[in-house]
Every structure is written in structure tokens, then in C-alpha cells.
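Here is a walk through one protein model, from its surface to its core. Keep the structure open and follow the residues as they are named.

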Amino acid sequence: MRVQNQARDKRYVSNQSESVRMFKSDFLEKFTHVHPSVPLILYVPLIGFMLWLTWRRDIGVAPAAGLFALGVFLWTFTEYVMHRFIFHWQPNTSWGRRLHFTIHGVHHDYPNDGSRLVMPPGLSVPLAVVFWYGWTFLFGAYAPPAFAGLLAGYLFYDMVHYATHHFPMRRGVWLKLKKYHIRHHYKDENVGYGVSSPLWDYIFGTVSR
């Protein structure tokens with residue numbers, strides 16, 4: 001039984017040399033590879049700054065905790081919508097197919113490419129700016145704790161996504177998340193869009209079984 005488990009783990013734990021060149025330009029190609037620590041380096045300090053703003057604006061502990069939790073919850077919905085309707089958009093034009101491959105198709109063709117599992121800053125930073133202004137519009141002065149929750153949800157997603165491809169995750173909820181995402185890759189990519197949580201798959205009927 002132990003031998004079988006080890007064989008199963010080797011099947012789904014990475015071969016980080018699995019990769020493909022995406023651009024002829026060395027300069028552009030460099031930006032398609034991201035170390036998994038980069039999102040943590042970028043966004044953990046930003047979360048800290050948002051929590052500092054929360055303190056400066058004298059938002060109470062209970063409201064701040066509630067807004068933080070709401071931000072995490074809204075991230076799970078954002079993750080589902082982006083994965084289902086943007087990352088899995090099926091274009092009919094050649095340039096559209098090229099764009100789709102660049103954004104997400106390469107990940108499905110080379111799922112164990114260890115340097116293409118977290119969102120590159122060239123995409124995540126502009127999205128973060130857009131979401132910050134959106135959160136400011138929605139929450140006004142109470143935006144910092146809600147935005148900190150959104151960022152925390154995003155970081156959890158990025159780290160879980162990396163782990164499902166590169167760590168054994170042999171027990172508990174971690175094993176369930178790994179199996180759920182692996183089925184999306186190797187069984188049916190038209191279901192199982194939630195990576196950090198299958199919640200919205202259940203709500204919208206796209207559960208990977």
C-alpha cells in the first residue's frame with residue numbers, strides 16, 4: 001500500500017523541468033517565469049499596510065474582522081469567475097487562441113511547470129490596482145480591511161495552487177483540495193474551477209466529482 005501511495009504521489013508531484021518557451025524574445029520570456037515566493041514578497045507587506053490603515057482609520061476590531069472575512073469570501077467568487085470565464089474562455093480567432101494559451105492554456109498543457117503556477121506580477125499588480133479602486137468605491141473608508149481580506153484570499157489561492165502541483169498533501173482538507181484540482185486537469189477541465197475552495201462550483205453546478 002505504501003508503494004502504491006508513493007507511486008501516486010510521484011505521478012502528481014512536480015517535474016519542474018517540464019516547460020515550454022512562449023516568446024522568441026528573451027526579455028518577454030523572462031516575465032513568464034515567476035518564483036512562488038514572489039506573491040508573498042509583494043502582497044504580505046501590502047496586507048500589513050492595509051491593516052495599518054485600518055488601525056489609523058479607527059475601524060473597530062469586530063467590523064474590521066468582518067470586513068476582512070468578507071474580502072476573503074469575495075475573493076473565492078472572483079477566483080471562480082476568472083478561472084471559469086476568463087482563463088477558460090474559448091476564442092475562435094488565432095490571436096485569441098494565442099492569448100488564451102499565454103494566459104492559461106500553457107498551464108493545462110504543462111501543468112507541472114514550477115515557474116508558471118503563481119500569477120505573474122505583470123498581471124496581478126494591475127488587477128490589484130483595479131480591485132483597490134473598486135473596493136474604495138464599494139466600501140469607502142472601510143476599504144482597507146476588506147481589501148486586506150481579498151489579498152489574503154488571493155495569496156491562499158496562489159499557494160494552494162502551487163502546492164496541489166508540487167506537494168504531496170496526503171491528508172485532510174489539503175488532500176481533498178489536491179484531488180479536486182487534479183481532476184480538473186486530468187479528468188474534465190470544464191468543471192472544478194475552484195482551487196482554494198469548491199464553494200462556487202457547488203452553487204453553480206460545476207462540481208468535479
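Start on the surface. Leu70, Phe73, Phe77, Leu199, Ile203 and Phe204 form a nonpolar patch there, with about 500 Å² of accessible area together. Two elements, α4 and α9, each give two or more residues to this patch. A patch takes residues with over 30% relative accessible area and no salt bridge; like charges are joined within 9 Å, nonpolar side chains (Val, Leu, Ile, Met, Phe, Trp, Tyr) within 5 Å. A salt bridge here is a side-chain nitrogen of Lys or Arg within 4 Å of a carboxyl oxygen of Asp or Glu. Accessible areas come from the Shrake-Rupley method with a 1.4 Å probe, and for residues only the protein chains shown count as cover.

The model is predicted: local features need pLDDT of at least 70, side-chain atom pairs count only at pLDDT 80 or more, and totals for chains, interfaces and linings use all residues. Residues are numbered from 1 along each chain as its sequence is written, and side-chain values use heavy atoms, with hydrogens and water left out.

Now the overall fold. The protein chain has 9 helices and 0 strands. Helices (H or I, at least four residues) and strands (E, at least two) are DSSP runs, numbered from the N terminus. Buried residues make up 42% of the 209 residues in the protein chain. Buried means under 20% relative accessible area, exposed over 50%, and partly exposed in between (1.4 Å probe, protein chains only). The accessible surface of the protein chain comes to about 11,900 Å², and 66% of this belongs to carbon and sulfur atoms. Take the contacts (heavy atoms within 4.5 Å) between residues at least 6 apart in sequence: 70% of them join residues at least 24 apart.

Return to the patch and look at its members. Leu199 lies in helix α9. Leu199 counts as partly exposed, at 33% relative accessibility. What does Thr76 touch, not counting residues up to four places away in sequence? The answer is Ser197, Leu199 and Trp200. Thr76 sits in helix α4 and counts as buried, at 14% relative accessibility. Thr76 and Ser197 are 121 residues apart along the chain, yet their C-alpha atoms are separated by 6.8 Å.

Aromatic rings also join these regions. Rings of Phe, Tyr and Trp (its six-membered ring) pair if their centres lie within 6.5 Å; planes under 30 degrees apart count as stacked, over 60 as edge-to-face and the rest as tilted. By this rule the count comes to 15 aromatic pairs. Why do Tyr80 and Phe204 count as stacked? Their ring centres are 5.5 Å apart and their planes are at 20 degrees, so the pair is stacked. This pair links distant parts of the chain: Tyr80 is in helix α4 and Phe204 in helix α9 (residues 199–204), 124 residues apart. Tyr80 is buried, at 1% relative accessibility. Phe204 is partly exposed, with a relative accessible area of 40%. Ring pairs link Phe73, Phe77, Tyr80, Tyr193, Trp200 and Phe204 into a cluster.

Another pair joins Phe131 and Trp135. Phe131 and Trp135 are edge-to-face, at 5.7 Å centre to centre and 85 degrees between the planes. Both lie in helix α6, 4 residues apart, so about one helical turn separates them. Trp135 counts as buried, at 8% relative accessibility.

A nonpolar core is a set of buried Ala, Val, Leu, Ile, Met, Phe, Trp, Tyr and Cys residues joined through side-chain atoms within 4.5 Å. Of the 25 residues in the largest one, Tyr43, Trp135, Phe139, Phe147, Leu150, Tyr154 and Tyr157 touch the most other members. At least two residues of this core come from each of α3 (38–56), α4 (61–87), α6 (121–139) and α7 (143–166). Helix α7 gives the most, with 10 residues. Leaving aside neighbours within four places in sequence, Tyr154 is in contact with Pro39, Tyr43, Trp75, Met119 and Ser124.

Finish in the loops. Most residues other than glycine have a negative phi. Asp58 is not a glycine, but has a positive phi of about 55 degrees. Asp58 lies in the loop between α3 and α4 and is exposed, with a relative accessible area of 68%. Met169 also has a positive phi, near 50 degrees. Met169 lies in the loop between α7 and α8 (172–186), and counts as buried at 12% relative accessibility.
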